[in-house]
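Work through the following exercises with the structure open beside you, and try each task before you read its solution.

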Amino acid sequence: MVQKGFTIWFTGLSGAGKTTLARLVENELKNRGHRVEVLDGDIIRTNLSKGLGFSKEDRDTNIRRIGFVCHLLSRNCVVAIAAAISPYREIRDEVRAQIGSFIEVYVKCPIDVLAERDVKGLYKKALAGEIKNFTGIDDPYEEPSNPEVVVHSDVETPEESAARIVARLEELEFVAAESAALAQP
């Protein structure tokens, strides 16, 4: 069976669990024989988008770059998994249109829970006005209009959320159901 390439795009506020879920889904898909690459927003900013700031223009450029790499991977039969805040709906929709085979996963979590989890204290500093242009505090985060999957990382375990994401991938026929995958010679 030839693998179909596609992109899973994790969006949500800082600390919501995007990278954790991306890695769990990556492991499950690799266990099923898929070629998978994860593009983590923090790592991309250090390498591919070094020098960009946090203005709307720079954020858009960063997301377009991640989208471009996902497009290249997807068209070459790789499952590309992006885990980036990607705060602006218009740019996410632009990337969706460019890639085509695109599954948006909204990792939803309330600000108060994110602030509790935040080991770096960024939310506390942003709420106190010490950090400017912090997404979800004084810079907007536009929730997806119609994501394929919404997970609630404040009430679901990462494993439960990852299982729901993989189940949705099966429903949408991006990956074979596990029982069907096991039946393949």
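**Exercise 1. Handedness and geometry of a helix pair**

Task: Determine in which hand helix 3 passes helix 4, and how the directions of helix 3 and helix 4 are related.

Solution: Please keep in mind throughout that this is a predicted model. Helix 3 passes helix 4 in a right-handed crossing. Two packed helices are described by the angle between their axes and the distance between the axes. For helix 3, which spans residues 56-75, and helix 4, which spans residues 89-99, the axes come within 9 Å and cross at roughly 20°. Angles under 35 degrees count as roughly parallel, and therefore helix 3 is roughly parallel to helix 4.

The next step is to list the residues that meet. Helix 3 contributes D60, I63, R64, G67, F68, C70, H71 and S74, while helix 4 contributes I91, E94, V95, Q98 and I99. Sorted by class, this contact of helix 3 with helix 4 has six nonpolar, four polar and three charged residues.

**Exercise 2. Aromatic pairs**

Task: Find how many aromatic pairs the structure holds, and decide how the rings of W9 and F102 are arranged.

Solution: The structure holds four aromatic pairs. One of them joins W9 and F102, whose ring centres are 5.8 Å apart and whose planes stand at 25°. Planes under 30 degrees apart count as stacked, so the pair of W9 and F102 is stacked. This pair links distant parts of the chain, since W9 lies in strand 1 (residues 6-11) and F102 in strand 4 (residues 102-108), 93 residues apart. W9 is buried, with a relative accessible area of 0%, and F102 counts as buried at 4% relative accessibility.

A further stacked pair is formed by Y106 and Y141, with 5.9 Å from centre to centre and 25° between the planes. Here too distant parts of the chain are linked, with Y106 in strand 4 and Y141 in the loop between helix 6 (122-127) and strand 5 (149-152), 35 residues apart. Both Y106 and Y141 are buried.

**Exercise 3. The surroundings of one valine**

Task: Locate V79 in the structure, and decide whether V79 is buried or exposed.

Solution: V79 belongs to strand 3, which covers residues 79-83. The cut-off for buried is under 20% relative accessible area, and V79, at 0% relative accessibility, therefore counts as buried. Leaving aside residues up to four places away in sequence, V79 touches Q3, K4, F6, I8, L29, H34, R35, V36 and E37.

Technical notes
Residues numbered from 1 in each chain as written. Predicted model: local features only at pLDDT ≥ 70, side-chain atom pairs only at ≥ 80, totals over all residues. Heavy atoms only, no water. Axes fitted to C-alpha atoms, helices over the stretch in contact; angles between N-to-C directions. Helix = DSSP H or I, 4+ residues; strand = E, 2+ residues; numbered from the N terminus. Parallel < 35°, antiparallel > 145°, perpendicular 65-115°, else oblique. Left-handed = near helix turned anticlockwise from the far one by under 90°. Contact = heavy atoms within 4.5 Å. Nonpolar A, V, L, I, M, F, W, Y, C, P; charged D, E, K, R; others polar. Phe/Tyr/Trp six-rings, centres within 6.5 Å; stacked < 30°, edge-to-face > 60°. Buried < 20%, exposed > 50% of the residue type's maximum accessible area, 1.4 Å probe, protein only.
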